[in-house]
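Reader: Hello! I would like to learn how to look at a protein model, one question at a time. Could you show me one?

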Amino acid sequence: MADASWLTEFPDMSRRELLTIRKTLDGAYRDFSREYGDTIEALFDPLLSFLVWFENLLIITPWWVILFIITAIVHLATRSLKLSIGVVISLLLIGYFGMWEDTMRTLSIITVCTIMSIVIGIPIGILMSRSDRAQSIVTPLLDVMQTMPAFVYLIPVVMLLGIGKIPGVIAVVIYAIPPVIRLTNLGIRLVNKETLEAATAYGATPTQRLFGVQLPLAMPTIMAGINQTIMMALAMVVIASMIGVKGLGQPVLKSITNQYFTLGLLNGLAIVALAIIFDRVSQSYAKRTQRHLEGHDNG
Amino acid sequence: MANSENALIEIEGLYQIFGSSPEKVLPAVKGGASKEEILADTGHTVGLQDINLTIGKGEIFVIMGLSGSGKSTLIRHFNRLIDPTAGKIKVNGDDIMQFSMKELTQFRRHKMSMVFQHFGLLPHRTVVENVGYGLSIKGQKKTEWKEKAKEWLETVGLSGYEEQYPSQLSGGQQQRVGLARALCTDAEILLMDEAFSALDPLIRFEMQSQLIELQENLHKTIVFITHDLDEALRLGDRIAVLKDGKLVQVGKPVEIILNPADDYVRAFAKDVNRARALLVKNVMQRAQPILSIDNDTNKADEILKEYDVVFRKTKSGDFEAYSKISENYSASWTSVPSLRRNELLQDVLPKMLRSKVSLPVLNKDDELCGYLSHQSLAEMLKI
């Protein structure tokens with residue numbers, strides 16, 4: 001055809017073809033989720049029961065016991081009186097403004113997501129640090145995970161598993177895991193070459209090198225990654241609430257749709273308070289375990 | 001010279017080529033193409049070419065060269081931190097290139113230890129834990145290796161620092177920890193990669209002295225890398241000079257100074273303060289013209305014909321020399337001071353200048369092992 005319209009208009013695929021592609025893919029995925037959805041959901045059952053158990057534990061336990069435990073953990077990790085008092089005051093305020101239960105729900109899901117990110121992320125980071133090939137495969141994947149709008153990957157997760165806690169956890173982990181992977185990889189790659197050579201020269205096996213030299217020396221960097229992961233998980237709370245994750249995100253969502261500014265602000269502030277507690281605790285814990293880096297007392 | 005009986009480490013035809021496909025470039029390098037040609041034609045860097053070395057048991061073997069000469073690459077072949085492109089490395093007759101991963105680990109744990117230029121200490125372990133590192137990864141119990149690590153720390157003069165972290169120590173102290181760590185494994189061979197180069201001159205000299213002192217008792221086989229000829233001369237029983245990945249000369253310190261193989265070595269040797277670099281033993285005559293105190297002068301005259309001096313030990317343990325001061329005088333016995341074989345030439349200069357005759361040289365058991373004449377001393381100090 002001697003039609004020159006492609007010069008003025010982009011020669012795009014016809015609407016019908018596009019529709020066919022969409023329908024085929026959607027149909028295939030729908031079939032897949034109908035076929036295997038239950039099986040996959042069953043795989044996540046142990047995680048779900050743990051989540052429910054942990055959330056109930058935090059809610060059922062009397063508030064003052066939780067308050068005491070959290071403050072004790074904070075104090076043990078940071079040894080800072082100021083921070084501990086700050087934690088007590090902010091938790092009391094959270095309770096006073098009626099957000100205790102939601103805060104406990106968020107706390108539980110964030111804790112579980114962080115643990116999962118660490119458990120999955122650190123081995124992947126280690127793998128990346130050992131093989132340039134693994135690094136070149138995983139890095140673009142992490143880029144996609146960090147830039148793809150969360151709503152987009154919520155769709156297939158919800159299609160597969162419906163709404164609820166598990167899809168929420170998966171969404172949060174996908175969003176929050178990249179920093180811990182990236183910084184584990186980076187931290188191990190930055191370990192002083194001569195130090196590693198020394199370990200090898202004295203006959204350390206690869207396992208002894210990993211656990212005796214590489215991971216301990218990469219720990220400050222890995223801790224920075226974990227810290228970032230926690231912060232990103234908290235940032236996901238509101239989005240996760242759209243697929244049925246209960247907690248501080250839901251009131252925020254409600255206040256957006258109903259224009260309740262104060263409700264939104266209060267719950268937002270509660271999230272901020274949690275974030276600060278997590279951040280300070282993980283950072284000062286990391287700092288305290290890296291005391292050997294301070295050095296230079298006498299030379 | 002290390003002969004084949006007491007050879008501990010033998011390296012034959014060692015090549016190291018860096019690049020994407022070293023095997024393809026190897027024939028060209030073996031064919032004699034220069035480093036520059038190889039780099040221009042193939043983009044490969046020739047690290048080492050045709051290295052052949054034999055290192056004897058109990059000697060301090062120094063490998064010397066400027067930066068980029070491949071000396072640090074070479075020493076990393078001894079324990080296979082780097083694998084060669086071609087060549088054999090034998091230790092105690094075993095070809096370590098044939099070792100499996102497991103054998104190699106065992107070999108590294110028991111046969112060789114290493115001291116690094118920038119110390120290579122583990123910053124998260126305390127000083128005593130660093131010293132015991134080699135033993136702890138062998139699976140020894142903490143109570144056992146800690147005891148031993150403490151002993152070695154004491155030997156290098158760092159007791160009291162056990163629970164400090166490396167970053168709390170000065171450079172010199174950190175390298176002492178590095179040295180103690182290397183000695184703690186009881187390995188027969190000690191690899192020292194520019195071990196003292198990062199230290200300031202005073203500390204460096206101190207550490208060299210300490211190493212010499214330790215070696216007197218330990219008799220390890222030490223491979224020492226340096227770019228400093230003064231250090232090489234001070235420590236080395238033999239010295240290998242490396243240039244652009246090739247061995248230029250291997251020999252005793254005296255040979256390097258007095259008979260440099262080419263202009264490169266000559267340029268190195270020119271700057272050396274020989275009085276400070278050479279020891280009495282490097283210059284002395286190894287003959288032992290000694291006479292028992294009971295013998296008479298006729299016997300002494302007989303020996304005098306062969307050597308230009310005869311010594312005898314008096315009952316009090318002092319030495320007397322029998323020598324002609326000049327042609328017109330007849331020889332007579334005079335009491336003389338004695339020298340030590342490990343003294344630096346500059347330290348014996350005053351004694352030599354005060355004496356008219358050659359002086360006896362004693363070993364550490366106070367026995368005569370040679371003598372030093374004014375003529376050989378003057379020859380040596382002449383540039």
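Author: Gladly, and here is a definition to begin with: helices (H or I, at least four residues) and strands (E, at least two) are DSSP runs, numbered from the N terminus. This is a predicted model, in which local features need pLDDT of at least 70 and side-chain atom pairs count only at pLDDT 80 or more, while totals for chains, interfaces and linings use all residues. Residues are numbered from 1 along each chain as its sequence is written, chains are lettered from A and ligands numbered from 1 in the order in which they are written, and side-chain values use heavy atoms, with hydrogens and water left out.

Reader: How many helices and strands does chain B have?
Author: Its C-alpha atoms fill a box of roughly 75 × 55 × 35 Å, taken along the principal axes. Counting the DSSP runs in chain B gives 17 helices and 17 strands.

Reader: How far apart are the end C-alpha atoms of helix α5 of chain A?
Author: The expected span of a helix is 1.5 Å times one less than its number of residues. Helix α5 (residues 100-130) of chain A has 31 residues, so it should span 45 Å. The model agrees with this, as the end C-alpha atoms are apart by 44 Å.

Reader: Where in α5(A) does a kink lie?
Author: The bend at a residue is the angle between axes fitted to the seven residues ending there and the seven starting there. In α5(A) there is a kink of about 25 degrees, shortly before the proline A:Pro123. The residue at the kink is A:Gly121.

Reader: At what angle do helix α3 and helix α13 of chain A pack?
Author: Two packed helices are described by the angle between their axes and the distance between the axes. Axes are lines fitted to C-alpha atoms, for helices over the stretch in contact, and angles run from 0 to 180 degrees between N-to-C directions. For helix α3 (residues 63-78) and helix α13 (residues 261-289) of chain A, the axes are 8 Å apart and the angle is about 35 degrees.

Reader: Which residues of α3(A) and α13(A) make the contact?
Author: Contact means heavy atoms within 4.5 Å. From α13(A) come A:Ile277, A:Arg280, A:Val281, A:Ser284, A:Tyr285 and A:Arg288. From α3(A) come A:Val74, A:Leu76, A:Ala77 and A:Thr78.

Reader: How do the residues of the contact of α3(A) with α13(A) divide?
Author: Ala, Val, Leu, Ile, Met, Phe, Trp, Tyr, Cys and Pro count as nonpolar, Asp, Glu, Lys and Arg as charged, and the others, Gly among them, as polar. By this rule the contact has six nonpolar, two polar and two charged residues.

Reader: Which residues have the most contacts inside the largest nonpolar core?
Author: A nonpolar core is a set of buried Ala, Val, Leu, Ile, Met, Phe, Trp, Tyr and Cys residues joined through side-chain atoms within 4.5 Å. Buried means under 20% relative accessible area, exposed over 50%, and partly exposed in between (1.4 Å probe, protein chains only). The largest such core has 81 residues, and helix α8 (residues 171-184) of chain B gives the most to this core, with six residues. The two with the most contacts inside it are B:Met192 and B:Leu345.

Reader: How many residues does the other core have?
Author: It lies apart from the largest one, and among its members are A:Leu67, A:Ile230, A:Ile277 and A:Ala286. The size of this other core is 66 residues.

Reader: Is B:Asn130 buried or exposed?
Author: B:Asn130 sits in helix α5 (residues 127-131) of chain B. Leaving aside neighbours within four places in sequence, B:Asn130 is in contact with B:Leu121, B:Leu122, B:Arg125, B:Pro166, B:Val177 and B:Arg181. Because its relative accessible area is 0%, B:Asn130 is buried.

Reader: What phi does B:Asp50 have?
Author: B:Asp50 belongs to strand β2 (residues 45-56) of chain B. At 42% relative accessibility, this residue counts as partly exposed. Although B:Asp50 is not a glycine, its phi is positive, at about 45 degrees.

Reader: And where is B:Asp186?
Author: B:Asp186 is not a glycine either, and has a positive phi of about 60 degrees. With a relative accessible area of 46%, B:Asp186 is partly exposed. Its place is in chain B, in the loop between α8 and β7 (189-193).
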